[in-house]
Amino acid sequence: MTENQNELELKDRLSLIESMIAEGRRTHERWAWVYVLWGVANCTAILWTALAHFPYAWPITMIAAWVLTIIVAARRRAKRPSTTLGRAVSSIWIAFGISAMMLFPALGISGRIDEYIEISVASAMLGMAYAASAILLRWKAQFACALVWWSLSVYACFGKSTPVAIAYLSAIFLCMIVFGFYGMIAEARRCKQEAKHA
Amino acid sequence: MTVNVEELELKDRLSLIETMIAEGRRTTESNGWTFVLWGVAYYIAILWTALGYDYMAWAWPVTMTVASVLTVIIFGSKRSKRPTTTIARAIGSIWCAIGISMFVLFLALGWSGKLMDYNIWVAIMAAMLATVNAASSMVLKWMLQFACAAVWWALTIYACFSGGKLLTIAFLVAIFFCQIVFGIYLIIAEASQRGKVAVHA
(Lines give C-alpha, C1' and ligand atoms only; values in the text may rest on other atoms or scores of the structure.)
Protein backbone atom coordinates (compact mmCIF):
# COMPACT_ATOMS: atom_id res chain seq x y z
CA MET A 1 0.00 0.00 0.00
CA THR A 2 2.74 2.44 1.05
CA GLU A 3 4.83 1.42 -1.95
CA ASN A 4 1.88 2.06 -4.24
CA GLN A 5 1.31 5.43 -2.65
CA ASN A 6 4.97 6.31 -3.06
CA GLU A 7 4.85 5.29 -6.71
CA LEU A 8 1.77 7.43 -7.28
CA GLU A 9 3.40 10.40 -5.52
CA LEU A 10 6.50 9.95 -7.66
CA LYS A 11 4.39 9.80 -10.82
CA ASP A 12 2.49 12.94 -9.74
CA ARG A 13 5.76 14.70 -9.10
CA LEU A 14 7.19 13.65 -12.47
CA SER A 15 4.06 14.76 -14.30
CA LEU A 16 4.19 18.10 -12.43
CA ILE A 17 7.83 18.58 -13.47
CA GLU A 18 7.01 17.69 -17.09
CA SER A 19 4.09 20.12 -17.18
CA MET A 20 6.32 22.83 -15.65
CA ILE A 21 8.97 22.24 -18.32
CA ALA A 22 6.32 22.37 -21.07
CA GLU A 23 4.89 25.59 -19.60
CA GLY A 24 8.42 27.02 -19.34
CA ARG A 25 9.03 26.31 -23.01
CA ARG A 26 5.70 27.90 -23.95
CA THR A 27 6.62 31.03 -21.95
CA HIS A 28 9.97 31.04 -23.75
CA GLU A 29 8.26 30.76 -27.15
CA ARG A 30 6.11 33.76 -26.32
CA TRP A 31 9.34 35.73 -25.91
CA ALA A 32 10.90 34.46 -29.18
CA TRP A 33 10.45 37.86 -30.81
CA VAL A 34 13.21 39.15 -28.48
CA TYR A 35 15.75 36.86 -30.21
CA VAL A 36 14.69 38.16 -33.64
CA LEU A 37 14.73 41.80 -32.49
CA TRP A 38 18.22 41.54 -30.95
CA GLY A 39 19.52 39.50 -33.90
CA VAL A 40 18.39 42.21 -36.31
CA ALA A 41 19.78 44.94 -33.99
CA ASN A 42 23.20 43.24 -33.86
CA CYS A 43 23.31 42.76 -37.64
CA THR A 44 22.26 46.41 -38.16
CA ALA A 45 25.01 47.66 -35.82
CA ILE A 46 27.70 45.49 -37.45
CA LEU A 47 26.74 46.49 -40.99
CA TRP A 48 26.31 50.17 -40.05
CA THR A 49 29.81 50.22 -38.49
CA ALA A 50 31.39 48.31 -41.40
CA LEU A 51 29.77 50.28 -44.23
CA ALA A 52 29.49 53.81 -42.83
CA HIS A 53 32.26 53.74 -40.18
CA PHE A 54 29.88 55.56 -37.87
CA PRO A 55 31.29 55.49 -34.30
CA TYR A 56 27.90 55.69 -32.58
CA ALA A 57 26.32 52.82 -34.54
CA TRP A 58 26.52 50.37 -31.60
CA PRO A 59 25.25 52.68 -28.82
CA ILE A 60 22.34 53.93 -30.99
CA THR A 61 21.17 50.47 -32.13
CA MET A 62 21.58 48.93 -28.67
CA ILE A 63 19.62 51.72 -26.95
CA ALA A 64 16.92 51.52 -29.65
CA ALA A 65 16.73 47.72 -29.18
CA TRP A 66 16.41 48.12 -25.38
CA VAL A 67 13.64 50.72 -25.72
CA LEU A 68 11.77 48.55 -28.26
CA THR A 69 12.15 45.47 -26.04
CA ILE A 70 10.72 47.30 -23.02
CA ILE A 71 7.80 48.78 -25.01
CA VAL A 72 6.84 45.51 -26.75
CA ALA A 73 7.31 43.47 -23.54
CA ALA A 74 5.03 45.85 -21.62
CA ARG A 75 2.34 45.54 -24.31
CA ARG A 76 2.60 41.76 -24.63
CA ARG A 77 2.87 40.94 -20.93
CA ALA A 78 0.61 37.97 -20.26
CA LYS A 79 -1.95 38.18 -17.50
CA ARG A 80 -1.26 34.59 -16.49
CA PRO A 81 0.92 34.09 -13.39
CA SER A 82 4.50 33.20 -14.30
CA THR A 83 5.77 29.69 -13.55
CA THR A 84 8.89 28.88 -11.52
CA LEU A 85 10.77 27.79 -14.64
CA GLY A 86 9.64 30.87 -16.56
CA ARG A 87 10.94 33.02 -13.69
CA ALA A 88 14.25 31.12 -13.63
CA VAL A 89 14.80 31.54 -17.38
CA SER A 90 13.93 35.24 -17.26
CA SER A 91 16.38 35.66 -14.33
CA ILE A 92 19.18 34.22 -16.50
CA TRP A 93 18.44 36.63 -19.35
CA ILE A 94 18.00 39.67 -17.09
CA ALA A 95 21.34 38.94 -15.38
CA PHE A 96 23.02 38.47 -18.78
CA GLY A 97 21.47 41.74 -20.04
CA ILE A 98 22.70 43.77 -17.06
CA SER A 99 26.21 42.25 -17.29
CA ALA A 100 26.44 42.94 -21.03
CA MET A 101 25.21 46.48 -20.44
CA MET A 102 27.94 47.03 -17.81
CA LEU A 103 30.84 45.24 -19.52
CA PHE A 104 30.72 46.21 -23.20
CA PRO A 105 30.09 49.98 -22.89
CA ALA A 106 32.78 50.18 -20.16
CA LEU A 107 35.29 48.30 -22.34
CA GLY A 108 34.31 50.39 -25.37
CA ILE A 109 34.56 53.78 -23.61
CA SER A 110 37.89 52.90 -21.97
CA GLY A 111 39.19 51.79 -25.40
CA ARG A 112 40.71 48.63 -23.95
CA ILE A 113 39.21 45.96 -26.15
CA ASP A 114 39.71 44.74 -29.71
CA GLU A 115 36.95 43.26 -31.87
CA TYR A 116 38.21 39.65 -31.55
CA ILE A 117 38.09 39.65 -27.75
CA GLU A 118 34.71 41.41 -27.88
CA ILE A 119 33.26 38.71 -30.16
CA SER A 120 34.82 35.95 -28.07
CA VAL A 121 33.49 37.31 -24.76
CA ALA A 122 30.03 38.13 -26.17
CA SER A 123 29.79 34.61 -27.63
CA ALA A 124 30.87 32.96 -24.38
CA MET A 125 28.31 34.95 -22.41
CA LEU A 126 25.57 34.17 -24.94
CA GLY A 127 26.62 30.50 -24.81
CA MET A 128 26.20 30.61 -21.03
CA ALA A 129 22.68 32.07 -21.21
CA TYR A 130 21.56 29.71 -24.00
CA ALA A 131 23.03 26.65 -22.25
CA ALA A 132 21.53 27.45 -18.83
CA SER A 133 18.11 27.97 -20.39
CA ALA A 134 18.46 24.83 -22.57
CA ILE A 135 19.47 22.59 -19.63
CA LEU A 136 16.57 23.95 -17.62
CA LEU A 137 13.98 23.52 -20.37
CA ARG A 138 15.58 20.31 -21.74
CA TRP A 139 15.60 21.94 -25.17
CA LYS A 140 18.08 20.40 -27.63
CA ALA A 141 17.66 23.10 -30.30
CA GLN A 142 18.65 25.77 -27.81
CA PHE A 143 21.60 23.73 -26.54
CA ALA A 144 22.77 23.39 -30.17
CA CYS A 145 22.74 27.20 -30.33
CA ALA A 146 24.85 27.30 -27.14
CA LEU A 147 27.38 24.99 -28.82
CA VAL A 148 27.51 27.34 -31.83
CA TRP A 149 28.24 30.30 -29.51
CA TRP A 150 30.97 28.42 -27.61
CA SER A 151 32.59 27.34 -30.89
CA LEU A 152 32.56 30.94 -32.09
CA SER A 153 34.08 32.03 -28.77
CA VAL A 154 37.09 29.78 -29.45
CA TYR A 155 37.26 30.55 -33.18
CA ALA A 156 37.29 34.34 -32.56
CA CYS A 157 40.58 33.88 -30.64
CA PHE A 158 42.36 32.08 -33.47
CA GLY A 159 40.63 33.14 -36.72
CA LYS A 160 41.32 36.01 -39.10
CA SER A 161 39.33 39.23 -39.43
CA THR A 162 36.92 38.55 -42.32
CA PRO A 163 36.15 34.87 -41.57
CA VAL A 164 35.50 35.75 -37.90
CA ALA A 165 33.12 38.55 -38.92
CA ILE A 166 31.29 36.18 -41.30
CA ALA A 167 31.11 33.49 -38.59
CA TYR A 168 29.72 36.05 -36.12
CA LEU A 169 27.04 37.21 -38.57
CA SER A 170 26.15 33.58 -39.36
CA ALA A 171 25.86 32.72 -35.65
CA ILE A 172 23.60 35.73 -35.08
CA PHE A 173 21.48 34.69 -38.07
CA LEU A 174 21.17 31.05 -36.97
CA CYS A 175 20.97 31.35 -33.18
CA MET A 176 19.00 34.56 -32.89
CA ILE A 177 16.96 35.20 -36.02
CA VAL A 178 16.24 31.62 -37.19
CA PHE A 179 15.84 30.32 -33.60
CA GLY A 180 13.55 33.27 -32.81
CA PHE A 181 11.38 32.63 -35.87
CA TYR A 182 11.23 28.94 -34.95
CA GLY A 183 9.91 29.90 -31.49
CA MET A 184 7.42 32.36 -32.98
CA ILE A 185 6.12 29.76 -35.45
CA ALA A 186 5.78 27.18 -32.65
CA GLU A 187 3.79 29.69 -30.59
CA ALA A 188 1.53 30.61 -33.51
CA ARG A 189 0.86 26.92 -34.20
CA ARG A 190 -0.02 26.28 -30.57
CA CYS A 191 -2.36 29.30 -30.47
CA LYS A 192 -4.15 27.96 -33.59
CA GLN A 193 -4.51 24.51 -32.02
CA GLU A 194 -5.87 26.01 -28.81
CA ALA A 195 -8.36 28.09 -30.79
CA LYS A 196 -9.50 24.95 -32.63
CA HIS A 197 -10.00 23.01 -29.40
CA ALA A 198 -11.81 25.90 -27.70
CA MET B 1 -17.60 28.79 -3.05
CA THR B 2 -15.64 28.83 -6.34
CA VAL B 3 -13.84 31.96 -5.20
CA ASN B 4 -12.86 30.18 -1.98
CA VAL B 5 -11.56 27.15 -3.90
CA GLU B 6 -9.57 29.41 -6.23
CA GLU B 7 -8.18 31.31 -3.27
CA LEU B 8 -7.15 28.06 -1.61
CA GLU B 9 -5.51 26.85 -4.83
CA LEU B 10 -3.65 30.13 -5.13
CA LYS B 11 -2.49 29.85 -1.52
CA ASP B 12 -1.35 26.27 -2.17
CA ARG B 13 0.55 27.41 -5.24
CA LEU B 14 2.20 30.26 -3.36
CA SER B 15 3.18 27.99 -0.48
CA LEU B 16 4.61 25.47 -2.99
CA ILE B 17 6.70 28.23 -4.60
CA GLU B 18 7.89 29.41 -1.18
CA THR B 19 8.83 25.85 -0.20
CA MET B 20 10.74 25.44 -3.48
CA ILE B 21 12.61 28.72 -2.95
CA ALA B 22 13.49 27.70 0.63
CA GLU B 23 14.66 24.30 -0.62
CA GLY B 24 16.70 26.02 -3.35
CA ARG B 25 18.40 28.21 -0.75
CA ARG B 26 19.14 25.16 1.39
CA THR B 27 20.72 23.48 -1.67
CA THR B 28 22.87 26.58 -2.25
CA GLU B 29 23.81 26.60 1.45
CA SER B 30 24.85 22.95 1.31
CA ASN B 31 27.14 23.90 -1.60
CA GLY B 32 28.64 26.86 0.28
CA TRP B 33 32.01 25.08 0.37
CA THR B 34 32.35 25.62 -3.42
CA PHE B 35 32.42 29.41 -2.93
CA VAL B 36 35.20 29.03 -0.33
CA LEU B 37 37.12 26.49 -2.43
CA TRP B 38 37.09 28.68 -5.54
CA GLY B 39 37.85 31.83 -3.54
CA VAL B 40 40.95 30.16 -2.08
CA ALA B 41 41.88 28.83 -5.56
CA TYR B 42 41.74 32.39 -6.99
CA TYR B 43 43.95 33.62 -4.13
CA ILE B 44 46.53 30.88 -4.74
CA ALA B 45 46.60 31.62 -8.48
CA ILE B 46 46.94 35.39 -7.93
CA LEU B 47 49.68 34.90 -5.33
CA TRP B 48 51.55 32.40 -7.52
CA THR B 49 51.44 34.85 -10.45
CA ALA B 50 52.36 37.89 -8.30
CA LEU B 51 55.35 36.27 -6.59
CA GLY B 52 56.75 35.36 -9.99
CA TYR B 53 57.88 31.83 -9.21
CA ASP B 54 58.99 29.58 -12.04
CA TYR B 55 56.24 28.26 -14.28
CA MET B 56 54.23 31.45 -13.61
CA ALA B 57 52.25 30.97 -16.83
CA TRP B 58 50.90 27.73 -15.41
CA ALA B 59 49.53 29.34 -12.23
CA TRP B 60 45.97 29.83 -13.47
CA PRO B 61 45.57 26.66 -15.58
CA VAL B 62 46.97 24.46 -12.78
CA THR B 63 44.97 25.98 -9.90
CA MET B 64 41.75 26.09 -11.93
CA THR B 65 42.15 22.45 -13.02
CA VAL B 66 42.88 21.33 -9.44
CA ALA B 67 39.86 23.33 -8.17
CA SER B 68 37.63 21.77 -10.85
CA VAL B 69 38.79 18.23 -10.03
CA LEU B 70 38.31 18.86 -6.28
CA THR B 71 34.82 20.27 -6.92
CA VAL B 72 33.80 17.21 -8.94
CA ILE B 73 35.21 14.79 -6.33
CA ILE B 74 33.57 16.52 -3.33
CA PHE B 75 30.28 16.93 -5.24
CA GLY B 76 30.32 13.21 -6.00
CA SER B 77 30.85 12.28 -2.35
CA LYS B 78 28.33 14.82 -0.97
CA ARG B 79 25.53 14.19 -3.49
CA SER B 80 22.29 13.83 -1.52
CA LYS B 81 19.83 11.06 -2.25
CA ARG B 82 16.84 13.42 -2.06
CA PRO B 83 15.19 14.29 -5.41
CA THR B 84 16.15 17.79 -6.58
CA THR B 85 13.56 20.55 -6.85
CA THR B 86 12.96 22.63 -9.98
CA ILE B 87 14.65 25.66 -8.42
CA ALA B 88 17.70 23.62 -7.36
CA ARG B 89 17.88 22.31 -10.95
CA ALA B 90 17.68 25.91 -12.21
CA ILE B 91 20.57 26.99 -9.98
CA GLY B 92 22.57 23.92 -11.02
CA SER B 93 22.05 24.64 -14.71
CA ILE B 94 23.14 28.29 -14.28
CA TRP B 95 26.40 27.32 -12.51
CA CYS B 96 27.07 24.48 -14.95
CA ALA B 97 26.61 26.81 -17.96
CA ILE B 98 28.85 29.53 -16.50
CA GLY B 99 31.51 26.94 -15.65
CA ILE B 100 31.66 25.65 -19.22
CA SER B 101 31.62 29.20 -20.65
CA MET B 102 34.46 30.42 -18.41
CA PHE B 103 36.51 27.30 -19.14
CA VAL B 104 36.06 27.66 -22.94
CA LEU B 105 36.62 31.43 -22.98
CA PHE B 106 39.67 31.72 -20.72
CA LEU B 107 41.35 28.66 -22.21
CA ALA B 108 40.93 30.03 -25.75
CA LEU B 109 41.96 33.59 -24.79
CA GLY B 110 44.98 32.34 -22.83
CA TRP B 111 46.13 29.87 -25.48
CA SER B 112 45.82 32.38 -28.33
CA GLY B 113 47.77 34.98 -26.32
CA LYS B 114 45.03 37.55 -26.83
CA LEU B 115 44.47 38.17 -23.15
CA MET B 116 47.55 40.20 -22.28
CA ASP B 117 45.67 43.05 -20.59
CA TYR B 118 45.13 42.30 -16.87
CA ASN B 119 42.30 44.87 -16.67
CA ILE B 120 40.26 43.19 -19.42
CA TRP B 121 40.76 39.82 -17.76
CA VAL B 122 39.46 41.11 -14.40
CA ALA B 123 36.54 42.92 -16.10
CA ILE B 124 35.44 39.76 -17.99
CA MET B 125 35.82 37.51 -14.96
CA ALA B 126 33.88 39.93 -12.72
CA ALA B 127 31.11 40.31 -15.32
CA MET B 128 30.69 36.55 -15.59
CA LEU B 129 30.66 36.04 -11.81
CA ALA B 130 28.14 38.90 -11.53
CA THR B 131 25.88 37.23 -14.12
CA VAL B 132 25.78 33.91 -12.31
CA ASN B 133 25.31 35.44 -8.84
CA ALA B 134 22.59 37.80 -10.10
CA ALA B 135 20.68 35.04 -11.93
CA SER B 136 20.89 32.76 -8.89
CA SER B 137 19.83 35.54 -6.48
CA MET B 138 16.83 36.48 -8.63
CA VAL B 139 15.67 32.85 -8.73
CA LEU B 140 16.11 32.48 -4.94
CA LYS B 141 14.95 36.05 -4.13
CA TRP B 142 18.14 36.45 -2.08
CA MET B 143 19.25 40.04 -1.49
CA LEU B 144 22.61 39.06 0.01
CA GLN B 145 23.66 37.17 -3.13
CA PHE B 146 22.41 40.04 -5.29
CA ALA B 147 24.67 42.34 -3.25
CA CYS B 148 27.58 40.06 -4.25
CA ALA B 149 26.52 40.42 -7.90
CA ALA B 150 26.48 44.21 -7.48
CA VAL B 151 30.05 44.09 -6.08
CA TRP B 152 31.19 42.07 -9.14
CA TRP B 153 29.46 44.53 -11.52
CA ALA B 154 31.13 47.47 -9.77
CA LEU B 155 34.49 45.72 -10.18
CA THR B 156 33.73 45.16 -13.90
CA ILE B 157 33.45 48.91 -14.47
CA TYR B 158 36.32 49.76 -12.12
CA ALA B 159 38.63 47.33 -13.96
CA CYS B 160 38.02 49.15 -17.26
CA PHE B 161 39.04 52.56 -15.94
CA SER B 162 41.59 51.84 -13.22
CA GLY B 163 44.73 49.78 -13.02
CA GLY B 164 47.82 48.72 -11.12
CA LYS B 165 47.90 47.78 -7.47
CA LEU B 166 44.53 49.34 -6.65
CA LEU B 167 42.76 47.02 -9.09
CA THR B 168 44.51 43.97 -7.62
CA ILE B 169 43.47 45.06 -4.12
CA ALA B 170 39.86 45.60 -5.28
CA PHE B 171 39.87 42.16 -6.93
CA LEU B 172 41.24 40.49 -3.77
CA VAL B 173 38.66 42.28 -1.60
CA ALA B 174 35.80 41.23 -3.92
CA ILE B 175 36.99 37.60 -3.84
CA PHE B 176 37.24 37.77 -0.04
CA PHE B 177 33.72 39.11 0.48
CA CYS B 178 31.79 37.50 -2.38
CA GLN B 179 33.46 34.09 -2.35
CA ILE B 180 35.08 33.36 1.00
CA VAL B 181 32.89 35.33 3.45
CA PHE B 182 29.69 34.50 1.54
CA GLY B 183 30.72 30.82 1.36
CA ILE B 184 31.49 30.65 5.09
CA TYR B 185 28.14 32.35 5.81
CA LEU B 186 26.41 29.61 3.75
CA ILE B 187 28.32 26.86 5.57
CA ILE B 188 27.33 28.36 8.97
CA ALA B 189 23.69 28.73 7.86
CA GLU B 190 23.62 25.08 6.79
CA ALA B 191 25.21 23.94 10.08
CA SER B 192 22.71 25.90 12.19
CA GLN B 193 19.86 24.49 10.06
CA ARG B 194 21.16 20.98 10.75
CA GLY B 195 21.42 21.78 14.45
CA LYS B 196 17.78 22.89 14.52
CA VAL B 197 16.65 19.74 12.68
CA ALA B 198 18.60 17.58 15.17
CA VAL B 199 16.99 19.40 18.13
CA HIS B 200 13.48 18.92 16.69
CA ALA B 201 14.10 15.24 15.85
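# Report on a two-chain helical model

A:Arg138 is partly exposed, with 16 other C-beta atoms within 10 Å. This residue lies in the loop between H5 and H6 of chain A. A:Arg138 is not a glycine, yet its phi is positive, at about 50 degrees. Most residues other than glycine have a negative phi. The structure is a predicted model, and the values below are to be read with that in mind.

A second residue of chain A has a backbone of this kind. A:His53 is also not a glycine, and its phi is positive, near 50 degrees. A:His53 sits in the loop between helix H2 (32-52) and helix H3 (57-76) of chain A.

## Confidence

The model as a whole has an ipTM of 0.84 and a pTM of 0.86. In chain A the average pLDDT is 87, and 95% of the residues reach at least 70. For chain B the average pLDDT is 86, with 93% of the residues at 70 or above.

In chain A the lowest mean, 75, belongs to helix H1 (residues 2-30), while helix H6 (residues 140-158) has the highest, 95. In chain B the lowest mean, 75, is that of helix H1 (residues 2-30), and the highest, 95, is that of helix H6 (residues 143-161).

## The two chains

Chain A contains seven helices and zero strands, and its pattern along the sequence is α-α-α-α-α-α-α. Chain B likewise has seven helices and zero strands, and it reads α-α-α-α-α-α-α from one end of the sequence to the other.

| Chain | Box filled by the C-alpha atoms |
|---|---|
| Chain A | roughly 70 × 35 × 25 Å |
| Chain B | roughly 75 × 35 × 25 Å |

Of the 198 residues in chain A, 33% are buried. In chain B, which has 201 residues, the buried share is 33%.

How much of the contact within chain A, at a separation of 6 or more, comes from residues 24 or more positions apart? Such residues account for 73% of those contacts. The corresponding figure for chain B is 73%.

## Where the chains meet

The contact between the chains draws 37 residues from chain A and 37 residues from chain B. On the chain A side, the elements that give two or more residues are H1, helix H4 (84-110), helix H5 (115-137) and H6. H4(A) gives the most to this side, with 16 residues. Sorted by class, the side of chain A that touches chain B has 28 nonpolar, seven polar and two charged residues.

## Packing of H4 and H5 in chain A

Two packed helices are described by the angle between their axes and the distance between the axes. For H4(A) and H5(A), the axes come within 10 Å and cross at roughly 175 degrees. An angle over 145 degrees counts as roughly antiparallel, so H4(A) is roughly antiparallel to H5(A). H4(A) brings A:Leu85, A:Ala88, A:Val89, A:Ile92, A:Trp93, A:Phe96, A:Ser99 and A:Ala100 to this contact, and H5(A) brings A:Met125, A:Ala129, A:Ala132, A:Ser133, A:Leu136 and A:Leu137. By class, this contact of H4(A) with H5(A) has twelve nonpolar, two polar and no charged residues.

## The nonpolar core

The largest nonpolar core holds 88 residues, and the members that touch the most others are A:Trp149, B:Ala123, B:Ala126 and B:Trp152. Which residues does B:Ala126 touch, leaving out those up to four places away in sequence? They are B:Trp152, B:Leu155, B:Thr156 and B:Ala159.

## A proline in a helix of chain B

B:Pro61 is part of helix H3 (residues 59-78) of chain B. With 14 other C-beta atoms within 10 Å, B:Pro61 is partly exposed. The C-alpha atom of B:Pro61 is 8.1 Å from that of B:Leu107, and the two residues are 46 residues apart along the chain.

Definitions and conventions
Residues numbered from 1 in each chain as written. Chains lettered and ligands numbered in written order. Predicted model: local features only at pLDDT ≥ 70, side-chain atom pairs only at ≥ 80, totals over all residues. pLDDT = per-residue confidence, 0-100. Helix = DSSP H or I, 4+ residues; strand = E, 2+ residues; numbered from the N terminus. Core = buried A, V, L, I, M, F, W, Y, C linked by C-beta atoms within 7 Å. Buried ≥ 20, exposed ≤ 12 C-beta atoms within 10 Å, placed from the backbone. Contact = placed C-beta atoms within 7 Å. Nonpolar A, V, L, I, M, F, W, Y, C, P; charged D, E, K, R; others polar. Axes fitted to C-alpha atoms, helices over the stretch in contact; angles between N-to-C directions. Parallel < 35°, antiparallel > 145°, perpendicular 65-115°, else oblique.
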